[in-house]
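I opened the notebook to record what I looked up in this structure. The entries follow the order in which I checked things.

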Protein chains: 2
Amino acid sequence: MSQLDSVLAQIDANLDRSIEKLFTFIRFKSISTDPDFKEECKKAADWIVGELNGIGIDAKAHETPGHPMVVAHDSDTSEKAGPSVLFYAHYDVQPIDPIELWERDPFDPQIIERNGVKVIFGRGSSDDKGQMLTFIEACRAYKEVHGSLPIAVSLLLEGEEESGSPSLLPFLNAHKDELSRDLALVCDTAMFDSETPSITTMLRGLVGEEVTIIAANRDLHSGSYGGPAANPIRILSHILADLHDETGRVQIPDFYEGVEELTPDVKAQWDALPFDDKEFLADVGLSIPAGETGYSVYEQLNARPTCEFNGITGGYTGAGFKTVIPSKASVKISCRLVGKQDPYKIRENLRAFVKARLPEDCEVVFAEHGAGPGHSLSADFPPLKKGAAALKDEWNKDTIMMGMGGSIPIVGEFKSILGMDSMLVGFALENDNIHSPNEKYDLQSYHKGIRSWARILDALAKD
Amino acid sequence: MSQLDSVLAQIDANLDRSIEKLFTFIRFKSISTDPDFKEECKKAADWIVGELNGIGIDAKAHETPGHPMVVAHDSDTSEKAGPSVLFYAHYDVQPIDPIELWERDPFDPQIIERNGVKVIFGRGSSDDKGQMLTFIEACRAYKEVHGSLPIAVSLLLEGEEESGSPSLLPFLNAHKDELSRDLALVCDTAMFDSETPSITTMLRGLVGEEVTIIAANRDLHSGSYGGPAANPIRILSHILADLHDETGRVQIPDFYEGVEELTPDVKAQWDALPFDDKEFLADVGLSIPAGETGYSVYEQLNARPTCEFNGITGGYTGAGFKTVIPSKASVKISCRLVGKQDPYKIRENLRAFVKARLPEDCEVVFAEHGAGPGHSLSADFPPLKKGAAALKDEWNKDTIMMGMGGSIPIVGEFKSILGMDSMLVGFALENDNIHSPNEKYDLQSYHKGIRSWARILDALAKD
């Protein structure tokens with residue numbers, strides 16, 4: 001029996017214990033956004049510290065202005081093969097309202113059947129306590145069977161992910177040396193479907209900007225000023241209309257600098273995905289893809305940048321009518337970024353684009369709302385190849401390189417502060433109801449998730 | 001001494017009494033919009049009924065669901081020369097908040113000096129109690145000197161003008177025969193300046209429309225849907241941007257149907273007005289006329305139609321940022337109309353314009369907010385010529401044919417329901433602070449206003 005096989009056997013033999021561990025973990029009501037649950041967050045952090053120490057991984061809960069940050073390092077410091085890794089997950093969970101929509105107590109976990117599938121029911125079962133334990137239980141099996149892990153492992157387990165991670169940046173900056181490793185393993189993502197192993201290799205970045213156009217120095221009556229007085233809604237509409245051409249391409253200068261087309265391999269993989277454009281749009285009442293022409297919906301969503309208008313306001317917006325020419329109108333704009341697009345340069349170019357269209361007697365005020373680059377792992381990045389192969393071994397199916405339309409800020413921060421690339425492997429499913437009532441995690445996600453990590457650790461140690 | 005001269009002498013001799021009448025009238029707190037002052041409105045109506053009956057004009061206060069409508073007819077029904085007229089003014093006044101900005105009690109009228117000019121201070125002194133009494137005091141003088149008026153006079157005195165005139169339309173419809181005369185005389189407008197007699201011959205009409213674009217069936221996360229999902233703010237911006245060309249011309253089909261250029265005479269008169277484009281715009285912090293190129297600011301304001309955006313809203317408009325793709329975005333649009341533009345046709349064409357630009361998988365909802373045509377009197381309309389000559393005699397200066405950018409709904413309703421044209425003669429000044437604290441009416445406006453009406457009644461009676 002190979003080293004890996006005995007670890008997998010140990011995992012299978014102790015699955016009930018792993019489930020019991022997850023149940024215990026879920027019972028801590030670690031809702032980070034609600035101050036009433038501060039003590040519960042602390043208890044969850046302390047519990048996980050105890051578990052890690054119990055298997056020979058030295059763990060400590062660090063105080064922060066918010067909730068504790070758990071940092072752990074394998075106590076076995078002997079020379080290891082392969083890359084050193086920092087595993088990231090979070091122990092805090094989303095609030096549970098509206099509580100009346102839960103079928104049972106969110107903090108009293110159970111295994112139930114849902115559509116013929118065994119699932120672990122409870123808040124945090126998927127996001128992110130279950131996902132966190134897939135990795136820790138894999139480590140436990142290694143330690144129990146061999147007394148050591150195949151590669152050098154550290155962990156960073158956060159307690160504020162669901163409340164904006166206010167302590168994370170200062171913590172990363174203060175612990176650069178302790179946390180910087182060859183590679184980050186992040187377990188907070190989903191699989192394409194319940195049978196297809198998936199690594200998220202593309203995340204879109206984001207740059208947010210608020211633009212306020214100011215015309216007259218006060219609101220004007222349209223009877224007394226309509227005609228000669230500049231109307232900021234009209235000016236803003238012209239600017240916004242100019243931001244896309246008729247093919248949906250964004251017109252900010254140099255916007256597409258750093259955007260790469262998919263490689264033929266990934267393109268072929270994506271084209272073969274059972275992703276139904278029509279169904280995806282029909283679900284929200286639409287039928288015509290509104291992104292750049294020439295790209296599939298899945299590509300528009302995961303591999304193409306956007307420029308979206310998230311909110312607009314100006315003048316009288318209450319009930320009825322008021323014949324006012326407003327002094328101001330403003331819009332919140334956010335661009336989703338991919339590849340190597342530079343959020344700071346795009347912000348600058350967006351501002352220039354607006355200014356170039358502003359009448360001389362009007363003003364513009366800009367306010368920035370965040371900026372982070374996209375993330376993409378090259379398909380020939382060695383750990384990615386090894387991880388994909390390990391997952392294929394477990395799931396008996398080719399691993400998909402997935403895109404994700406949204407952002408995971410930690411990935412950008414690991415790169416910019418700690419100089420690490422992140423490999424995002426997760427076993428959640430779209431129907432896990434994360435952030436909603438009746439959250440669950442498939443028992444298969446949990447079990448095969450643990451086995452998957454055992455395989456990945458093994459694979460990373462090999463040449 | 002001519003008949004007119006003796007009337008003018010009577011007016012001068014009794015000016016103090018006329019002032020005392022106005023003071024009494026101002027003391028009624030006839031704020032129509034505030035239910036607390038319902039009784040005060042009734043008292044004001046009853047007082048004016050008493051005054052009219054006192055001079056031999058049979059008056060009656062008609063009950064309405066709101067405040068009383070005073071209708072009066074000269075009791076002298078002998079055959080008269082010239083056109084029969086319906087004089088219109090309103091006895092209700094604007095609220096007085098913010099009260100702390102008033103220099104003295106708004107309902108305790110006084111004559112004070114302001115910049116070396118004697119003014120009557122008090123709420124309603126100008127808008128519209130003072131203006132109403134200019135006509136009634138002229139009638140009083142005629143009745144006292146000659147026992148009769150030179151033409152057939154009726155009056156309609158409203159008590160809801162400052163609160164949207166809810167009872168007016170049903171009242172006009174119910175009293176068509178009683179109110180329909182050859183000509184309406186409306187006294188609720190201003191002079192170009194304190195020395196220049198003015199008749200407002202152009203009023204802009206209005207059509208108001210609210211347009212709501214609906215894309216997805218719910219708000220979407222821009223990470224999960226950004227790209228393929230239609231963004232209603234983007235769609236709306238394109239529509240709004242298309243509504244004007246680069247010269248400021250409105251692009252709704254057939255929009256300019258019924259718009260007439262100024263006659264050379266009026267154009268020459270307007271070009272000679274001491275109206276300073278720069279100063280007008282600088283006062284509100286602007287410097288570049290934003291209306292149709294090729295027209296002066298005064299023309300853009302008074303003789304040209306517009307299409308204005310009065311309010312826009314969609315998506316997240318609170319503090320901070322939310323990366324939402326909204327389901328809806330809406331705009332309130334109003335067009336100021338001139339000449340013979342048809343508000344109903346324009347509404348229809350605007351809706352077609354929007355629909356033509358709507359993606360097939362999106363919806364639009366329209367809501368109408370009022371429609372009224374513009375008003376313009378031809379320069380060779382006989383009563384207008386006579387009125388202008390009479391005013392010139394009083395003020396020793398050519399009478400200006402003024403435009404007014406706003407709307408006076410009563411003028412359209414007199415035309416459409418009673419088939420009457422309106423001649424708008426008023427003596428208010430721009431600095432009268434109507435609708436604001438410290439309202440006043442120049443003593444000269446009042447005195448020469450009374451004399452002006454005496455001259456106009458005389459002139460209308462002559463061939």
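How are helix 2 of chain A and helix 4 of chain A oriented to each other? I noted at the start that this is a predicted model.

**Entry: two helices in chain A**

I looked up the ends first: helix 2 of chain A covers residues 15-27, and helix 4 of chain A covers residues 129-146. Their axes lie 10 Å apart, and the packing angle is about 140°. Angles over 145 degrees would count as roughly antiparallel, and 65 to 115 as roughly perpendicular. Helix 2 of chain A and helix 4 of chain A are therefore oblique to each other. I also checked the hand of this crossing, and it is right-handed.

Next I listed the residues that meet. Helix 2 of chain A brings Ser18(A), Lys21(A), Leu22(A), Phe25(A) and Ile26(A). Helix 4 of chain A brings Lys129(A), Gly130(A), Leu133(A) and Glu137(A). Sorted by class, this contact has four nonpolar, two polar and three charged residues.

**Entry: chain A against chain B**

I then turned to the two chains. In chain A, 67 residues are in contact with 67 residues of chain B. Several elements of chain A give two or more residues to this side, among them helix 8 (232-242), strand 13 (328-337) and strand 14 (363-372). The largest share, nine residues, comes from strand 11 of chain A. I wrote down the classes for the side of chain A that touches chain B: 26 nonpolar, 31 polar and ten charged.

**Entry: strand 11 in both chains**

What joins strand 11 of chain A to strand 11 of chain B? I found five bridges, and the two strands run antiparallel. I looked up one partner: Gly311(A) is bridged to Gly315(B).

Note on methods: Residues numbered from 1 in each chain as written. Chains lettered and ligands numbered in written order. Predicted model: local features only at pLDDT ≥ 70, side-chain atom pairs only at ≥ 80, totals over all residues. Axes fitted to C-alpha atoms, helices over the stretch in contact; angles between N-to-C directions. Helix = DSSP H or I, 4+ residues; strand = E, 2+ residues; numbered from the N terminus. Parallel < 35°, antiparallel > 145°, perpendicular 65-115°, else oblique. Left-handed = near helix turned anticlockwise from the far one by under 90°. Contact = placed C-beta atoms within 7 Å. Nonpolar A, V, L, I, M, F, W, Y, C, P; charged D, E, K, R; others polar. Pairing = 2+ DSSP bridges.
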